[in-house]
Amino acid sequence: MCAIVGVYGDENASQIAYYALFAMQHRGQESSGISSADGKRIHLIKKRGLVTEVFKQDDLDLLSGSCAIGHNRYSTAGKDSVLDAQPVFAKYKLGAISIAHNGNLTNKYEVRDELIEKGAIFQTEMDTENIVHLIAKSAKSKLKARIKDMLSKIEGAYCLVIQSRSKMFVVRDRFGIRPLSLGKLKSGGYIVASETCAFDLVGAEFVRDVEPGEMLIFEENKEPKSVMIFEADYHPCAFEYIYFARPDSIIDGKTVYNMRLEMGKQLAKETPAKIDLVLPVPDSGVAAAKGYADGMGVPFEMGIVRNHYVGRTFIEPSQEIRDLKVKLKLSPIKDMIKGKRVAIVDDSLVRGTTSKQIVRMLKDAGAVEVHMRIASPEIKFPCRYGIDTATKTELISSYKTPEEIAEYIEADSLGFLSIDGLKASLGDDREYSLVSFDGKYFAGGNENSPGCSAY
Ligand code: AMP
């Protein structure tokens with residue numbers, strides 16, 4: 001999770017970064033930050049809260065310069081310190097740098113222990129601090145060479161935007177696990193962002209995705225320079241398509257909404273049900289439910305209304321609050337549901353909390369049968385590449401069969417999309433990262449690697 005943005009070569013860089021972060025608010029709601037560079041200095045503002053709460057016009061005025069980088073941080077249980085907000089700023093031998101990171105480093109503790117052994121001190125739990133130290137401690141004379149040095153020592157999933165007082169460096173890991181795209185601004189400047197929905201808001205034109213293993217270097221009065229640091233071994237994260245990304249974003253050439261429709265259609269082929277009506281869990285299940293209804297030839301209705309003023313259910317760490325929040329957030333249209341056999345479609349099932357509450361809600365509303373359909377496979381493994389699934393014990397599918405889960409959530413039936421069905425929906429032109437479903441850690445690390453601290 002988390003969103004990053006980098007703007008280069010535009011007088012209004014911090015304004016543009018602000019709007020881009022606003023468009024990518026869904027990727028992280030805990031804290032937000034922007035740092036700008038004016039050739040002489042780096043200015044930084046970061047706080048806890050939503051983008052609109054963190055920045056006021058006066059702040060953006062202070063963030064002067066034609067380069068700005070920004071970050072939205074995803075919330076994790078128990079770690080909500082403002083120290084964990086990004087970008088991370090530091091002064092070192094070559095001057096000053098600021099870094100924003102999306103992803104999760106799997107060798108965080110090995111690197112950190114080695115650095116501490118040599119006298120480094122850390123202020124936070126974030127793996128992004130490792131990156132700062134590795135750059136600062138490198139013996140190379142130029143920043144570009146120091147970044148390369150640092151990249152040779154880190155493992156896992158990362159998209160990085162690194163700002164000096166006059167340049168900007170952008171890197172995507174060689175597996176391309178998290179998304180990152182390049183756009184051109186009307187002013188002639190450039191923008192990189194985790195999702196293309198940011199480009200739409202600021203009127204930028206999509207240029208291309210940043211290649212896995214690529215570094216882009218932005219310098220004054222020059223076109224961006226591309227350097228391949230690693231050979232690409234492309235494994236984009238399937239969960240971006242399933243849940244994380246906004247449906248209007250285009251990730252690596254594929255519109256997220258269309259992928260979700262396909263998953264729903266495939267789900268209809270694999271787990272049909274005798275039903276009168278298909279309902280989505282709003283908003284996460286909408287596109288997949290439409291696909292399921294199309295595939296089944298059954299009416300699709302927005303039969304559950306969502307209160308948009310409640311945050312995502314995962315934001316609150318404790319179980320009691322999560323339970324209450326589902327009720328606060330969702331409410332059924334009773335007339336539509338009474339006496340019907342309904343299928344209710346969500347994008348994923350993690351702990352089973354949402355499904356259990358919704359099945360009960362639909363039965364209370366008078367549904368005669370409730371068939372739960374999940375447009376992704378069973379989540380059996382914690383993912384250490386940037387998805388917030390902390391331990392195996394939290395993942396209901398790691399210890400219960402679909403039949404047992406159906407019983408637990410009190411549904412008349414429960415169906416998941418198969419792993420092959422997911423692959424078929426996404427297309428066989430590339431091999432996706434499916435760690436949550438198959439437990440395969442191809443980019444280093446394993447399920448015992450450190451969890452996400454920065455996302
Ligand atoms: P649960 O209620 O624990 O089974 O979680 C499933 C719900 O959480 C679904 O509605 C998903 O849309 C949503 N979800 C899945 N993965 C995540 C995540 N990493 N962060 C926040 N919400 C998620």
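Analyst: We may begin with a definition: a salt bridge is a side-chain nitrogen of Lys or Arg within 4 Å of a carboxyl oxygen of Asp or Glu. Please keep in mind that this is a predicted model. Here the side chains of Glu-394 and Arg-351 meet in such a bridge, at 2.8 Å from N to O.

User: Where in the chain do Glu-394 and Arg-351 lie?

Analyst: Glu-394 is in the loop between strand 20 (369–374) and helix 14 (402–409), while Arg-351 is in the loop between strand 19 and helix 13 (353–364), so the pair ties together parts that are 43 residues apart in sequence. Glu-394 is partly exposed, with a relative accessible area of 25%. Arg-351, at 17% relative accessibility, counts as buried, because buried means under 20% relative accessible area.

User: How many salt bridges does the structure hold?

Analyst: The structure holds 19 salt bridges. One of them joins Asp-276 and Arg-341, with 3.0 Å between N and O. This pair links distant parts of the chain: Asp-276 is in the loop between helix 9 and strand 16 (277–280), Arg-341 is in strand 19, and 65 residues separate them. Asp-276 is partly exposed at 28% relative accessibility, and Arg-341 is partly exposed with a relative accessible area of 28%. Another bridge joins Arg-306 to Asp-283, whose closest N and O atoms are 2.7 Å apart. Arg-306 is in strand 17 (residues 304–306) and Asp-283 in the loop between strand 16 and helix 10, so this pair ties together parts 23 residues apart in sequence.

User: Which residue is an example of a charged side chain that is buried yet has no salt bridge?

Analyst: Arg-146 is such a residue: it is buried and has no salt bridge, and the nearest side chain of opposite charge, Asp-149, is 7.5 Å away. Arg-146 lies in helix 6 (residues 143–151). Leaving aside neighbours within four places in sequence, the contacts of Arg-146 include Tyr-92, Leu-94, Ile-135 and Ser-138.

User: How should I read a pair of aromatic rings?

Analyst: A pair of aromatic rings is described by the distance of the centres and the angle of the planes. The structure holds nine aromatic pairs. In one of them, the rings of Tyr-8 and Phe-218 have centres 5.9 Å apart and planes at 40°, so the pair is tilted. Tyr-8 belongs to strand 1 (residues 3–8) and Phe-218 to strand 12 (residues 214–218), 210 residues apart. Both Tyr-8 and Phe-218 are buried.

User: What is the arrangement of the rings of Tyr-18 and Phe-55?

Analyst: Their centres are 6.0 Å apart and their planes stand at 90°, so the pair of Tyr-18 and Phe-55 is edge-to-face. Tyr-18 counts as buried at 13% relative accessibility, and Phe-55 is buried with a relative accessible area of 2%. Aromatic residues may also form a cluster, as Phe-239, Tyr-243, Phe-244 and Phe-437 do.

User: Is helix 5 (residues 128–137) enclosed by the rest of the structure or exposed, and why?

Analyst: Eight of the ten residues of helix 5 are buried, so helix 5 is largely enclosed by the rest of the structure. Among the buried residues are Thr-128, Glu-129, Val-132 and His-133. The buried residues of helix 5 pack against strand 5 (88–92), strand 6 (95–105), helix 4 (108–117), helix 6 and strand 7 (156–163).

User: How many residues are in the largest nonpolar core, and where does this core lie?

Analyst: The largest nonpolar core has 44 residues, and those with the most contacts inside it include Tyr-241, Met-263, Tyr-385 and Leu-426. The elements that give two or more residues to this core include helix 8 (238–244), helix 9 (256–270) and helix 10. Domain 1 (3–234) and domain 2 (258–427) both give residues to the core, so it lies between them. A second, separate core of 28 residues includes Val-132, Leu-160, Met-215 and Ile-217.

User: How far apart are the C-alpha centres of domain 1 and domain 2?

Analyst: The C-alpha centres of domain 1 and domain 2 lie 34 Å apart.

Definitions and conventions. Residues are numbered from 1 along each chain as its sequence is written. This is a predicted model: local features need pLDDT of at least 70, side-chain atom pairs count only at pLDDT 80 or more; totals for chains, interfaces and linings use all residues. Side-chain values use heavy atoms; hydrogens and water are left out. A nonpolar core is a set of buried Ala, Val, Leu, Ile, Met, Phe, Trp, Tyr and Cys residues joined through side-chain atoms within 4.5 Å. Buried means under 20% relative accessible area, exposed over 50%, partly exposed in between (1.4 Å probe, protein chains only). Helices (H or I, at least four residues) and strands (E, at least two) are DSSP runs, numbered from the N terminus. Domain bounds come from an automatic or database domain assignment. Lys and Arg count as positive and Asp and Glu as negative; His and the chain ends are not counted. Contact means heavy atoms within 4.5 Å. Rings of Phe, Tyr and Trp (its six-membered ring) pair if their centres lie within 6.5 Å; planes under 30 degrees apart count as stacked, over 60 as edge-to-face and the rest as tilted.
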